[in-house]
Amino acid sequence: SCNGGFHKSGHVCKANLCKCAEGVAAKGAACTKNSAEVCASCNGGFHNSGNVCKANKCSCANGIAATKDACTKDGALICEKCESGYVLVTRADDAQDCIKSSCR
């Protein structure tokens, strides 16, 4: 039997090697199974869900929601572009929202 973070290979214990498609793979005892998808941290635009990195999903009521790196937090209100008649504003809570333009 091997210590945590290791697996048996023949008669020796070898360190587990994890992978992570959209971030940094876990190492040492955090890599619980060899060749498993276990992420220690995620790239910009992604969040840790279980042991894997999933793309953040942003919302925007009157425009196009931010995607990829521009969507910095999963579930956040971050607009990338507004529909005609709306303008992009940054609110006090850093949300980027599209509000009706007051210009006529």
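**Disulfides, a hairpin and a salt-bridge network**

Let's start with one cysteine. Cys53 has a relative accessibility of 12%, so it counts as buried. The cut-off for buried is under 20%. Keep in mind that this is a predicted model.

What is Cys53 bonded to? Cys53 is joined to Cys42 by a disulfide, with an S to S distance of 2.2 Å. Cys42 sits in strand S4, and Cys53 sits in strand S6, residues 52-55, so the link ties together parts that are 11 residues apart in sequence. Which hand does this disulfide have? The torsion about the S-S bond of Cys42 and Cys53 is about -90 degrees, so the disulfide is left-handed. Cys42 is at 25% relative accessibility, so Cys42 counts as partly exposed. Partly exposed is the range between buried, under 20%, and exposed, over 50%.

Let's stay with S6 for a moment. Strand S5, residues 46-49, pairs with S6 in the antiparallel sense, over four bridges. Which residue stands opposite Cys53? That is Asn48. S5 and S6 form a hairpin, with two residues between them. Look at the turn. Gly50 is there, and its phi is positive, about 75 degrees.

Back to the disulfides. How many does the structure hold? Seven. I'll take two more of them.

Next comes Cys20 with Cys39. Their sulfur atoms are 2.0 Å apart, and the two form a disulfide. Where do they sit? Cys20 is in the loop between strand S2 (12-15) and strand S3 (23-25), while Cys39 is in strand S4, residues 39-42. The two are 19 residues apart, and the pair links distant parts of the chain. The torsion about their S-S bond is about 100 degrees, so this disulfide is right-handed. Buried or exposed? Cys20 and Cys39 are both buried. Note strand S4 here.

The angle about the S-S bond is 95 degrees, and the link is right-handed. Cys58 lies in the loop between S6 and strand S7 (63-65), and Cys71 in the loop between S7 and strand S8 (79-82), so parts 13 residues apart in sequence are tied together. Cys58 is buried, with a relative accessible area of 15%. Cys71 is buried too, and its relative accessible area is 0%.

For a sense of distance, take Cys71 and Lys27. Their C-alpha atoms are separated by 27 Å, and the two residues are 44 apart along the chain. Lys27 is in the loop between S3 and S4. At 70% relative accessibility, Lys27 counts as exposed.

On to charges. Side chains of opposite charge can pair when their charged atoms come close. How many salt bridges does this structure hold? Two. Arg91 takes part in a bridge to Asp93, where the closest N and O atoms are 3.2 Å apart. Arg91 also bridges to Asp97, where that distance is 3.5 Å. Arg91, Asp93 and Asp97 are therefore one linked network.

How exposed are these residues? Arg91 counts as partly exposed, at 36% relative accessibility. Asp97 counts as buried, at 13%. Asp97 lies in strand S10, residues 96-100. What does Asp97 touch? Leaving out residues up to four places away in sequence, its contacts are Leu77, Cys79, Val87, Leu88, Val89 and Arg91. Arg91, the salt-bridge partner, is on that list.

Finally, two backbone points. Ser35 has a phi near 70 degrees, a positive value in a residue other than glycine. Ser35 is in the loop between S3 and S4, and Lys27 is found in that loop as well. Ser35 is partly exposed, with a relative accessible area of 46%. Lys68 also has a positive phi, near 50 degrees, and is not a glycine either. Where is Lys68? In the loop between S7 and S8, which is where Cys71 lies. Lys68 counts as exposed, at 68% relative accessibility.

Conventions: Residues numbered from 1 in each chain as written. Predicted model: local features only at pLDDT ≥ 70, side-chain atom pairs only at ≥ 80, totals over all residues. Heavy atoms only, no water. Disulfide = S-S within 2.5 Å. Buried < 20%, exposed > 50% of the residue type's maximum accessible area, 1.4 Å probe, protein only. Contact = heavy atoms within 4.5 Å. Pairing = 2+ DSSP bridges. Salt bridge = Lys/Arg side-chain N within 4 Å of Asp/Glu carboxyl O.
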